[in-house]
Amino acid sequence: MMRSPQVRNGVVETPSPSHFHSSVSVHKLRRFNILIVVFRFASFCFSLASAIFMFTNSRRGSDLPQWHHFDAFRFVAVAGAIVALYSLFEVGASVWEISRGATVFPEVVQVWFDFGHDQVFAYLLLSAGSAGTSLARILKEMDTCTVSNAFCVQSDISIAFGFAGFMFLGFSSLLSGFRVVSFIINGSRFNVQN
C-alpha cells in the first residue's frame, strides 16, 4: 500500500520506499549467491569427472599406454583433483554465506581469497587442458590411438571435462571479480541497487 506525501512543519515529506528497495536488493543478492553456488558446483562436478576419467584410464597389459606414463596426463589428473577440492570448499563457503549471511573469513579476506584462487585454479585447468590436448594430438599422429582407441577416447573425455570445469570456474571468477570491484568502490562486496 502506497502512502501519499504528508506536510509537516511546512515541508513535504514523501515516504521512503526503503522497504521496497531492501527487499529487491535482498532478492538480487540471493540470486547472485545462488548463481555463484551453481557455477562452483558445476566446476566441482566437471573437475572431479576430469580427474576420475584420467585416474581410471589404465588398461591391463604391459604394452598398452597408461595415463601415468605421460606428464601431460598426470597434470590433467592432478589439476582436476585440486580444482575439485577447491571448488568443493568454495561451494561449502557459498552455502555458509547464504545460510548465515556472513562470510567464512573476514569480508576483505574472503573477497580477495575467492577472486585470487578462482583466477589461479582456472588457469591451472586451462594449462592442464592445453597440455593434455597437445599430447592427445601427438598420440593420434603416432598411431597410439589405433592400438588403444579406448585409452585415447577416455583421455579426450577427461580433457573435455577439464575445459568445461575451466569454463564454469571462469564464470565464478567473473562474479568474484564483480565482488572485488564492489568492495573497492563501496567498501562492501555487494552493491546491489534497484
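This is a predicted model: local features need pLDDT of at least 70, side-chain atom pairs count only at pLDDT 80 or more; totals for chains, interfaces and linings use all residues.
1. The side chain of Arg-40 forms a salt bridge with that of Glu-90, with an N to O distance of 3.8 Å. Arg-40 belongs to helix 1 and Glu-90 to helix 2, so this pair ties together parts of the chain that are 50 residues apart in sequence. Both Arg-40 and Glu-90 are buried.

2. The network. Arg-40, Glu-90 and Asp-118 are linked in a network of salt bridges. Since the N to O distance of the Arg-40 and Glu-90 pair is 3.8 Å, a reader may wish to recall that the criterion is a side-chain nitrogen of Lys or Arg within 4 Å of a carboxyl oxygen of Asp or Glu. A search of the whole structure finds six salt bridges.

3. Surroundings of Glu-90. Glu-90 is placed in helix 2, which covers residues 71-100. Leaving aside residues up to four places away in sequence, Glu-90 touches Arg-40, Gln-110, Phe-113 and Asp-114. Arg-40, listed among these contacts, is also the salt-bridge partner of Glu-90.

4. Arg-74 and Asp-71 form a salt bridge through their side chains at 2.0 Å, N to O. Both residues lie in helix 2, three residues apart, which is about one turn of the helix. In general, an α-helix has 3.6 residues a turn, so residues three or four places apart point the same way. Arg-74 is partly exposed because its relative accessible area is 34%, whereas Asp-71, at 57% relative accessibility, counts as exposed.

5. The loop residue Asn-57. Asn-57 is located in the loop between helix 1 (18-55) and helix 2. Asn-57 touches Gln-66, Trp-67, Ala-150, Phe-151, Gln-154 and Ser-155, residues up to four places away in sequence not being counted. The C-alpha atoms of Asn-57 and Trp-67 are 6.0 Å apart in space, while the two residues are ten apart in sequence.

6. Geometry of helix 3 and the residue after the helix. Helix 3 has 35 residues, and the distance from its first C-alpha to its last is 51 Å, close to the 51 Å expected at 1.5 Å a residue. Asp-143 follows helix 3 and lies in the loop between helix 3 and helix 4 (144-147). The phi of Asp-143 is positive, about 65°, although the residue is not a glycine. Asp-143 has a relative accessible area of 47% and is therefore partly exposed.

7. The nonpolar surface patch. Val-108, Val-109, Trp-112, Val-181, Ile-184 and Ile-185 make a nonpolar surface patch of about 580 Å². Helix 3 (107-141) and helix 5 (149-186) each contribute at least two residues to the patch. Val-109 is one of the patch residues and is found in helix 3. With a relative accessible area of 41%, Val-109 is partly exposed.

8. Comparison with the database record. The unreviewed UniProt entry places the feature "transmembrane region" at residues 32-55, 75-99, 120-139 and 159-181. In the model, the span of residues 32-55 is 100% helix and 0% strand, and its end C-alpha atoms lie 34 Å apart. Residues 159-181 likewise form a span with 100% helix and 0% strand, with 32 Å between the end C-alpha atoms.

How values were computed: Residues are numbered from 1 along each chain as its sequence is written. Side-chain values use heavy atoms; hydrogens and water are left out. Patches are made of residues with over 30% relative accessible area and no salt bridge: like charges are joined within 9 Å, nonpolar side chains (Val, Leu, Ile, Met, Phe, Trp, Tyr) within 5 Å. Accessible areas come from the Shrake-Rupley method with a 1.4 Å probe; for residues, only the protein chains shown count as cover. Helices (H or I, at least four residues) and strands (E, at least two) are DSSP runs, numbered from the N terminus. Buried means under 20% relative accessible area, exposed over 50%, partly exposed in between (1.4 Å probe, protein chains only). Contact means heavy atoms within 4.5 Å. The expected span of a helix is 1.5 Å times one less than its number of residues. UniProt positions are given in the numbering used here, feature names are shortened, and annotations may be inferred rather than shown by experiment.
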